[in-house]
Amino acid sequence: MTSPITTERHGDVLVIISNNPPVNALGAAVRQGLEAGLKEAAADEAIKAVVIRCDGKTFFAGADITEFGRPMQEPGLPTVIDMIESSEKPVIAAIHGTALGGGCEVTLGCHYRIAVPSAKIGTPEVKLGLLPGAGGTQRIPRVAGVALALEMTAKGDPISAARAMTAGLIDRLAGENSLAADAIAFAREVASVRPLPRASEKTAEADPEAVAAFKKENAKRFRGFDAPAANIACVEKATDGSTFAEGIAFERQEFMKLMMGVQSAAQRHLFFAERQAAKIDGIDPAIALRPIKKVGVIGAGTMGGGISMNFLSAGIPVTIVEMQQEALDRGTGVIRKNYEASAAKGRLKPEQVALAMGALTPTLNLEDLADCDLVIEAVYESMDVKKELFGKLDKIVKQGAILASNTSYLNIDEIAASTSRPQDVLGMHFFSPANVMKLLEVVRGAKTADDVLATVMALAKTIKKVAVVSGVCHGFIGNRMLMPRQVEANKLLMEGATPEQIDRVHVEFGMPMGPFQMSDLAGVDIGWHRDETRIESIRDALCAEGRWGQKKSAGFYDYDEKRNPSPSPRVAEIIEDFRSRSNLPRREITDEEIIERTLYTMVNEGALILEEKMAQRASDIDVVWIYGYGWPVYRGGPMFWADTEGAKKIVAGLEKHGFKVAELLKSNAESGGRFK
Ligand code: 3H9
């Protein structure tokens with residue numbers, strides 16, 4: 001096998017080049033090649049300096065994550081980086097693309113760093129439940145100080161080349177198109193400078209105030225995660241008077257703890273799950289896509305407005321249609337306000353706001369959608385309304401255009417059947433707020449053409465969504481799994497649990513909020529029949545009393561003027577009233593029972609979804625729940641979580657409460673298998 005590493009001699013400079021697509025991950029062959037290249041440089045007296053650079057779209061984007069959990073092949077990355085740093089000849093990192101994780105650590109082992117202005121540098125290991133384990137936590141604070149080291153390691157977002165330059169993580173900027181030559185010239189310049197600057201020989205000042213402030217500021221973001229605290233502890237170790245070697249030993253110990261833990265396994269699972277979700281089984285990835293240059297959105301309400309913003313922000317013009325001028329004005333006004341709020345926070349430049357708004361065409365005329373390449377309907381959730389609308393669109397919109405519904409529950413095949421071109425119809429289920437939430441469920445109808453599905457999946461990437469393919473079933477993947485949870489949560493109320501207890505169990509599990517907090521936020525009255533005299537459930541009773549949730553300062557909870565919730569004595573009375581009428585005895589409900597009945601049932605539904613082939617793979621379900629409903633990332637999604645709990649335990653929990661267990665779950669319990 002040919003090595004991904006080659007060397008080139010440019011007079012007295014040896015250039016070590018990596019060519020390991022797609023992202024130059026630092027797998028075993030790359031590490032072995034780097035070691036060989038360094039040895040070649042050391043052995044040759046004519047060589048005075050070394051440049052390390054990468055071919056392809058990026059500098060090393062990190063260790064090869066696919067090697068994690070397998071026996072490590074020598075040399076390890078820390079060894080290679082130590083070899084670079086201890087070289088007697090200066091080694092220069094020439095950076096383009098993204099120098100991430102182990103890639104960033106390689107640059108810190110080098111004596112000098114030169115980068116193109118568009119390069120980004122970072123240590124995103126924390127997002128994989130890890131820490132930079134090849135010296136990063138010890139070298140970054142020594143070079144760039146504690147504050148930036150905390151930000152880079154514990155939060156994991158990359159920084160720009162300009163910022164890295166100010167912080168000392170880069171010594172020089174290269175021309176955007178002349179990195180290779182500029183790096184060689186830089187290497188010659190510094191070839192005889194001694195002593196060589198070595199990050200490990202620097203000292204970093206302790207900054208306990210910065211650490212305390214950082215922890216406080218990010219407490220919410222880090223809730224439940226193990227890795228941020230480990231990153232912080234390692235950065236502190238770099239400044240507590242310990243030697244570099246002691247710091248490295250501590251870093252290794254913490255890295256291995258995280259690596260063996262379930263959280264990192266879950267986060268690494270998500271990394272691959274997210275990328276896997278974009279792939280459609282049975283469709284050639286090279287299939288020709290339909291060009292999408294202009295999008296139509298029907299409905300300028302919260303959903304339609306949010307959906308439009310995704311395309312406007314990506315530079316794709318949108319025609320937005322409403323039935324009444326007032327609703328149209330209100331909708332476009334909200335879009336403008338949202339953009340201006342982002343600009344006020346410095347997230348957008350005023351000219352970007354102008355550009356986005358300039359690409360928006362509001363109209364009352366459905367005919368104006370005739371030349372759109374994609375039309376998304378976001379109107380009232382009624383099959384009759386949607387069928388009528390699709391019938392009209394069929395006559396108006398040009399042939400070859402894609403017609404999509406944003407329905408969250410309804411049957412796409414039935415909607416498609418109201419057109420003469422069901423092959424061009426599919427579901428695009430955005431999550432509210434649609435301009436913020438990353439998930440997009442793409443619903444593949446029985447007749448949806450392959451190129452239509454592939455086009456929308458690719459478009460999802462353009463508008464920065466994580467898309468998952470779902471089959472046609474009631475509620476698709478996400479909302480379908482929400483249903484058993486809601487049914488059981490309601491039953492638990494009748495049997496003796498309180499909304500507070502059920503919500504607490506969910507929040508402690510890691511969800512952003514529990515089912516009743518979610519109901520209060522979304523509106524208890526959503527889907528309510530609106531007949532105040534027809535009271536058949538606790539929810540009907542709440543709605544009849546105007547307890548519609550946060551918007552009315554009363555729902556399952558009472559709210560003060562700052563929207564702080566408190567348990568509601570009135571809700572307790574309503575629940576008690578229903579219970580006494582149903583003759584159900586009130587009993588103590590354990591937290592364990594809440595988990596079993598609200599979360600195990602979701603897993604069971606997920607297993608049915610897989611059996612029915614409504615999801616392509618179990619990891620797609622995990623992606624839906626993490627990006628659409630805030631399932632805790634460190635638990636890897638419901639199906640991954642079920643596997644870590646063990647199918648046997650889940651089955652036993654379901655059977656204890658008399659649920660019918662999905663065959664797939666049963667067979668996993670019997671064979672010890674996992675969801676696929
Ligand atoms: C680390 O470095 C630990 C060290 O501190 C300590 C060691 C001792 N490995 O994302 P894309 C694959 S931990 C293996 O679609 P983009 C990816 O699965 C690492 N594979 O491209 C996909 O495969 P496929 C710290 C990797 O242009 C393909 O490459 N580093 C790796 O949208 C394309 O990926 C990170 O966490 C990897 N490290 O974005 C960085 N990275 O085509 C992780 C990617 O089969 N990577 N692949 O689906 C990224 O953030 C993005 O991939 C990147 C490119 C921004 C680089």
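**Backbone geometry, sheets and ligand shell**

P195 is located in the loop that runs between α7 and α8 (208-217). The model is a predicted one.

- Most peptide bonds are trans, and most residues other than glycine have a negative phi.
- A cis peptide bond joins S432 to P433, with omega of about -5°.
- P433 belongs to the loop between β15 and β16.
- N24, a residue other than glycine, has a positive phi near 55°.
- The loop that holds N24 lies between β2 and α1 (28-43).

**The six-strand sheet**

- Six strands make up an open sheet of mixed pairing, in the order β1-β2-β3-β4-β6-β9.
- At the edges stand β1 (5-10) and β9 (172-173); each has a single partner strand, so one side of each is left without a neighbour in the sheet.
- Strand β6 (residues 112-115) and β9 run parallel and are joined by two bridges.
- Opposite A115 stands L173, a residue of β9.
- Helix α7 (residues 179-190) lies across β1, β2 (13-18), β3 (49-54), β4 (91-95), β6 and β9.
- The angle at which α7 runs to β6 is about 155°.

**The eight-strand sheet**

- Eight strands form an open sheet with the order β12-β11-β10-β13-β14-β15-β16-β17, and here too the pairing is mixed.
- Its edge strands, β12 (360-363) and β17 (466-470), each pair on one side only.
- From one strand to the next, the twist averages 25°.
- Strand β16 (residues 439-443) is joined to β17 by five bridges, and the two run parallel.
- L440 has A467 as its bridge partner in β17.
- Helix α13 (residues 302-313) lies across β10 (295-298), β11 (318-321), β12, β13 (374-377) and β15 (425-430).
- Relative to β11, helix α13 runs at about 170°.

**The ligand and its surroundings**

- There are 28 residues around the ligand, of which K57, E105, E125, R275 and K279 come nearest.
- E105 places a polar side-chain atom 2.7 Å from an oxygen atom of the ligand.
- In the side chain of R275, an N or O atom is 2.6 Å from an oxygen atom of the ligand.
- For K279, a polar side-chain atom lies 2.6 Å from a ligand oxygen atom.
- On its own the ligand has 1000 Å² of accessible area, and the protein covers 75% of this.
- Two or more residues of the shell around the ligand come from each of β5 (98-100), α3 (102-109), α11 (244-260) and α12 (262-277).
- Helix α12 gives the most to this shell, with three residues.
- By class, the residues of the shell comprise 15 nonpolar, five polar and eight charged.

Conventions
Residues are numbered from 1 along each chain as its sequence is written. This is a predicted model: local features need pLDDT of at least 70, side-chain atom pairs count only at pLDDT 80 or more; totals for chains, interfaces and linings use all residues. Side-chain values use heavy atoms; hydrogens and water are left out. A residue is near a molecule or strand if one of its heavy atoms lies within 4 Å of it. A polar contact is a pair of N or O atoms within 3.5 Å; within protein, one must be able to donate a hydrogen and the other to accept it, and residues adjacent in sequence count only if both atoms are side-chain atoms. Accessible areas come from the Shrake-Rupley method with a 1.4 Å probe; for residues, only the protein chains shown count as cover. Helices (H or I, at least four residues) and strands (E, at least two) are DSSP runs, numbered from the N terminus. Ala, Val, Leu, Ile, Met, Phe, Trp, Tyr, Cys and Pro count as nonpolar, Asp, Glu, Lys and Arg as charged, and the others, Gly among them, as polar. Two strands pair if DSSP finds at least two bridges between them. Contact means heavy atoms within 4.5 Å. Axes are lines fitted to C-alpha atoms, for helices over the stretch in contact, and angles run from 0 to 180 degrees between N-to-C directions.
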